[in-house]
Amino acid sequence: MSRSYLTEDHNIFRSALRKFLEKEALPNFEQWERDKLVPRSFWKKMGEQGFLAPWVDEKYGGVNADFGFSVIINEELERVGGGLVGINNHNDIVVPYINTFGNEEQKQRWIPGCLTGDIITGIAMTEPGGGSDLASLRTTAVRDGDYYILNGEKTFITSGVIGDLFVVACKTDPKADPVHKGISLIVVEKDTPGFKKGRQLEKVGQHSSDTSELIFEDARVPAANLLGEEGKGFYYLMEKLQQERLLVAVGAVATSEKMLEITIDYVTQREAFGKTISKLQNTQFKIAEMATEIQIARTFVDDLIVNHMEKKDVVTQVSMAKWWTTELTKKVAAQCLQLHGGYGFMEEYEIARRFRDVQALSIYAGTNEIMKTIIAKRIGL
């Protein structure tokens, strides 16, 4: 099916990226899953080939690529595995905060390294006591001359182990009313005094995506690391969530397509009762149902991508896409695993890993329950 926003340049880019990943990622991915880390050397190779945040302006090392290139990178990384989510997070969630809200000195200091792979970024919003309710966060940043003194803890931080630079949501005015007006974003570098990384977290899936706690104990962060204005952090977060959630939907559809591809390949080779199981009516019906629903998801998400590229407000529709595509992905994963029979439950089969990996999609970037709450409010309930 034609995708209107993709040109020949996009197709050439996808082909180059896929060849790169087939050489540099696929042969090593299972080892990265065991190591629970994507090595810095791979990030550097991504940077050398121009696959890290190519949308950035040329003066910082980018090529001013449009959002279609971000979509392609997300899709191709998902085809390898969900554990590469940290790269997508870096490319299209964290670096955009610095690019949009940072001043010129901050951009010059950090963005070029983000494009070469010398600086790996993460965003620190979630805390041990709360995730979706950002207004209730407890991490504080108190001004002390030319520094902010940060105290608090963050958890579930993607790239928390390997990361060099974190955009941290914290309260600079704990007495603000309403509460969200006291939230600011401060960029914390890994060698900051008083900042340390906690334990690496053991997850159900996405093992190669390193995830950890971050701990701030009187961490002294230069006031020059404030991103944008004090008290505007909540608004900055809300402004960027449309793209973040759209990209989750993009990844969900790409993963669903890959799982269906894997399963079709399996059922056309596996034999039972004297014929391949692809000839069984139940198999055909299940495959047909999944193919139909995935095509519906693809059509919906592609339309949202076009609208997002045109800078339209599609928060309601993106919230719909985020919850619906991620629930669909979990359903597809379960059905594909079932069609693999006993082999689907074996770690040596890719579908087992993907079944584990997709469970997080309905949780991060705002739980699906939060998505439904947003939809309800925006349609007047």
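Which residue takes a positive phi in the hairpin of strand 2 and strand 3? In this predicted model, that residue is Gly-145, whose phi lies near 65°. The hairpin has two residues between its strands.

Strand 2 covers residues 140-144 and strand 3 covers residues 147-158. The two run antiparallel to each other and are joined over five bridges. Within this pairing, Ala-141 faces Leu-150 of strand 3. Strand 3 also pairs with strand 7, again in the antiparallel sense, this time over nine bridges. Here Ile-149 has Arg-220 of strand 7 as its bridge partner.

Is Gln-206 buried or exposed? Its relative accessible area is 6%, so Gln-206 counts as buried, the limit being under 20%. Apart from neighbours within four places in sequence, Gln-206 is in contact with Glu-33, Gly-82, Gly-83 and Val-85, and also with Asp-357, Ala-360, Leu-361 and Tyr-364.

Phe-345 is found between helix 9 (315-339) and helix 10 (350-357). Because its relative accessibility is 68%, and the limit is over 50%, Phe-345 counts as exposed. Together with Tyr-343 and Met-346, Phe-345 forms a nonpolar patch on the surface. The accessible area of these three residues together is about 340 Å².

Conventions:
Residues numbered from 1 in each chain as written. Predicted model: local features only at pLDDT ≥ 70, side-chain atom pairs only at ≥ 80, totals over all residues. Heavy atoms only, no water. Patch = residues over 30% accessible without salt bridge, like charges linked within 9 Å, V, L, I, M, F, W, Y side chains within 5 Å. Areas by Shrake-Rupley, 256 points an atom, 1.4 Å probe, with all protein chains shown as cover. Salt bridge = Lys/Arg side-chain N within 4 Å of Asp/Glu carboxyl O. Helix = DSSP H or I, 4+ residues; strand = E, 2+ residues; numbered from the N terminus. Buried < 20%, exposed > 50% of the residue type's maximum accessible area, 1.4 Å probe, protein only. Contact = heavy atoms within 4.5 Å. Pairing = 2+ DSSP bridges.
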